[in-house]
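Subject: Structure handover

Hello,

Here is the structure we spoke about. Please open it beside this note; the findings follow.

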Amino acid sequence: MKALREDYLNNGFVVIPSVFTESKIDELILETVRLCREQGSQLPKTHLLTNETHSPKIYEELSDDELLTHFLALHFPHKMSPLFRSMLDSAELVQYLAELIGPNVKCMQSMLFVKKSGKPGQAWHQDEHFIPTRDRSLTGVWIALDDATIENGCLWVIPGSHHAGVLYPVRPPTSEEYDGAPESFDYPHSPDEAVPVEVTRGSVVFFHGYLLHSSLKNRAEEGYRRALVHHYMSAESLLPWDCGGQIPVTRDNRDIMMVCGKDPYEWKGTEDVLKPYIRGEARSA
Ligand SMILES: O=C(O)CCC(=O)C(=O)O
């Protein structure tokens, strides 16, 4: 475990293979389809114009594969599903979180990437730009639900790019390769420093909130590059995160879940205010 923490601090990321069993991953994939169907049934039917004559189909009529075409990512799946909620503090993750972050750890968000063949990746960015902590403890946990390869759009990272402790400026993405999420620029690293993080299904990538990372389009002929992503931080830090303007940035965001240790701010209570949402179209953030 000591070596693990050293690797994490040096490189800004570590990969732990085979953290989750095949059967757990199967269960998560089945639940993904169920959630997409449930969420889809609440969208306007015109969102789903699936054939050439553009006659609207209702979600119930679509095959699983057709259905998933309409989802790039679901945000906050832990608020939509007890199974995804139970993943946040699963023993398999908590043992590593306590080592990498500290004894007291809270979680504030989850995302479920579906990313079917042909779907875009996400431009270079640092997660603390979006979710600022006060002690730079933000940690992304990227759980592979499929083997993630260069071809199907695995994560890419710039090892060590977290060391400067600087958040670089952002702009709209400059390539069709990426979805609409902002792109970092003006950082002192060259593209040659980027390395792909190819992992097998069930493996987990832990990465630092200041690490520059990205992913490319899924270029495989078919199939998905699904991943469940959680974000955690030290419970000692306040969380000035407005989640896209959903709550005042001046407030300590208490829409959190403790996953291990003690919450020094327990007296503040917690709240359930951030709304889950879906990213359905290729270039919407
Ligand atoms: O999985 C991806 O394609 C991007 C994930 C990512 O960049 C993130 O979770 O911050």
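Which residues are buried in helix α5 (residues 91-100)? They are L93, Y96, L97 and L100. Buried here takes 20 or more other C-beta atoms within 10 Å of the residue's own; exposed takes 12 or fewer; partly exposed is in between; C-beta atoms are placed from the backbone. Helices (H or I, at least four residues) and strands (E, at least two) are DSSP runs, numbered from the N terminus. Seen down the axis of α5, the buried residues fall within an arc of 105°, so they line one face of the helix. The arc is that of the directions from the helix axis to the C-beta atoms. Just after α5, G102 takes a positive phi of about 140°.

Two notes on the source. The model is predicted: local features need pLDDT of at least 70, side-chain atom pairs count only at pLDDT 80 or more, and totals for chains, interfaces and linings use all residues. Residues are numbered from 1 along each chain as its sequence is written.

Helix α2

Helix α2 covers residues 22-40. At 1.5 Å a residue, its 19 residues should span 27 Å, and the end C-alpha atoms are 27 Å apart, which agrees. The expected span is 1.5 Å times one less than the number of residues. L28, T32, L35, C36 and G40 are the buried residues of α2. They fall within an arc of 115° seen down the axis, so they line one face of the helix. S23, D26, L30 and E38 are exposed on the other side of α2. The buried residues of α2 pack against α3 (64-68), β2 (73-75), β3 (105-113) and β12. Contact means that two C-beta atoms, placed from the backbone, lie within 7 Å.

The ligand

The residues around the ligand are F113, G121, Q122, D127, G140, L155, H213, S215, A227 and V229. Two elements give two or more residues to this shell: β11 (213-215) and β12 (227-234). A residue counts as near if its C-beta atom, placed from the backbone, lies within 6 Å of the molecule. By class, the shell has 4 nonpolar, 5 polar and 1 charged residues. Ala, Val, Leu, Ile, Met, Phe, Trp, Tyr, Cys and Pro count as nonpolar, Asp, Glu, Lys and Arg as charged, and the others, Gly among them, as polar.

The core

The largest nonpolar core has 67 residues. Such a core is a set of buried Ala, Val, Leu, Ile, Met, Phe, Trp, Tyr and Cys residues joined through C-beta atoms within 7 Å. L97, W142, I143, V205, F206 and A227 touch the most other members. Leaving aside neighbours within four places in sequence, F206 is in contact with Y8, F13, V14, Y96, L100, T139 and V141.

V199 is in the loop between β9 and β10 (204-208). V199 is buried, with 23 other C-beta atoms within 10 Å. Its contacts, again leaving aside neighbours within four places in sequence, are V15, A144, A148, C154 and V205.

Loops and positive phi

Most residues other than glycine have a negative phi. D186 has a positive phi, near 65°. D186 is in the loop between β8 (183-184) and β9 (195-197). With 8 C-beta neighbours inside 10 Å, D186 counts as exposed.

C243 also has a positive phi, near 50°. It is found in the loop between β12 and β13 (257-260). With 19 C-beta neighbours inside 10 Å, C243 counts as partly exposed. C243 is touched by L274, which also touches F76, Q246 and D255, not counting residues up to four places away in sequence. L274 is in the loop between β13 and β14 (277-279). The C-alpha atoms of L274 and I247, 27 residues apart along the chain, are separated by 8.0 Å.

D135 is in the loop between α6 (127-130) and β5 (139-144). D135 is exposed, with 12 other C-beta atoms within 10 Å. D135 touches S234, E236 and S237, not counting residues up to four places away in sequence. The C-alpha atoms of D135 and L238 are 103 residues apart along the chain and separated by 8.7 Å.

Best wishes
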